[in-house]
Amino acid sequence: MKSSNKTKQKTPPWENPIFLTIMTFVGGYMNGYTYITRNNILANMHTANMSKLGINIALGEWLEALHYFIPILTCILGAAFSKLIETILINFNFKGDWRKFALILEAISLFIIGLLPTSF
């Protein structure tokens with residue numbers, strides 16, 4: 001019997017097909033939910049939001065364009081916040097994976113945002 005020195009490498013969760021499938025469904029649900037309930041804004045499709053922003057600017061509809069600029073801006077701020085969380089957790093020698101902590105923080109944030117009335 002051959003002895004193998006190779007250790008079995010564990011696939012990171014973000015490369016797991018089941019995780020990717022779940023994230024795809026969640027992203028689609030968030031897009032559908034926000035498009036229907038939040039004034040035709042897409043939560044995850046920033047390419048579409050950029051297109052709608054450009055179209056409204058070209059038509060001179062500045063207030064309508066602002067509706068699409070805000071989600072794009074918050075996406076950029078969210079990415080910066082994620083990097084800040086990563087830096088803080090690494091500096092404090094966080095034992096777990098910072099991505100899991102960030103995902104939990106995002107889920108809590110989305111739950112709280114979901115409680116906001118559509119008039120907000």
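Me: How many residues apart in helix 3 are Lys 83 and Glu 86, and what does that spacing amount to?
Reply: Keep in mind that this is a predicted model. Lys 83 and Glu 86 are 3 residues apart in helix 3, so about one helical turn separates them. Their side chains meet in a salt bridge, with 2.9 Å from N to O.

Me: How many salt bridges does a search of the whole structure find?
Reply: The search finds 1 salt bridge. Lys 83 and Glu 86 form a salt bridge through their side chains.

Me: Is Glu 86 buried or exposed?
Reply: Buried means under 20% relative accessible area. Glu 86 has 15% relative accessibility, so it counts as buried.

Me: Which residues make up the largest nonpolar core?
Reply: Look for buried residues joined through side-chain atoms. Here the largest such core has 5 residues: Ile 41, Leu 53, Ala 65, Tyr 68 and Ile 72. Helix 3 gives the largest share of this core, 3 residues.

Me: What does Tyr 68 touch, beyond residues up to four places away in sequence?
Reply: Tyr 68 touches Asn 40, Ile 41, Asn 49, Lys 52, Leu 53 and Asn 56.

Me: Where is Asn 56 found, and is it buried or exposed?
Reply: Asn 56 is found in helix 2, residues 46-58. Its relative accessible area is 8%, so Asn 56 is buried. A polar atom of its side chain lies 2.8 Å from the backbone oxygen of Lys 52. Set aside neighbours within four places in sequence, and Asn 56 is in contact with Glu 61, Glu 64, Ala 65 and Tyr 68.

Me: Now the surface. Which residues form a nonpolar patch there?
Reply: A patch takes residues with over 30% relative accessible area. In this model, Leu 63, Leu 66, Phe 69, Ile 70, Leu 73 and Leu 77 form a nonpolar one. Together they have about 580 Å² of accessible area.

Me: One more residue. Where is Thr 47 found, and how far is its C-alpha atom from that of Trp 98?
Reply: Thr 47 is found in helix 2. Thr 47 is exposed, because its relative accessible area is 63%. The C-alpha atoms of Thr 47 and Trp 98 are separated by 27 Å. Along the chain, these two residues are 51 residues apart.

Conventions:
Residues numbered from 1 in each chain as written. Predicted model: local features only at pLDDT ≥ 70, side-chain atom pairs only at ≥ 80, totals over all residues. Heavy atoms only, no water. Helix = DSSP H or I, 4+ residues; strand = E, 2+ residues; numbered from the N terminus. Buried < 20%, exposed > 50% of the residue type's maximum accessible area, 1.4 Å probe, protein only. Polar contact = N/O pair within 3.5 Å; in protein donor to acceptor, adjacent residues only side chain to side chain. Contact = heavy atoms within 4.5 Å. Patch = residues over 30% accessible without salt bridge, like charges linked within 9 Å, V, L, I, M, F, W, Y side chains within 5 Å. Areas by Shrake-Rupley, 256 points an atom, 1.4 Å probe, with all protein chains shown as cover. Salt bridge = Lys/Arg side-chain N within 4 Å of Asp/Glu carboxyl O. Core = buried A, V, L, I, M, F, W, Y, C linked by side-chain atoms within 4.5 Å.
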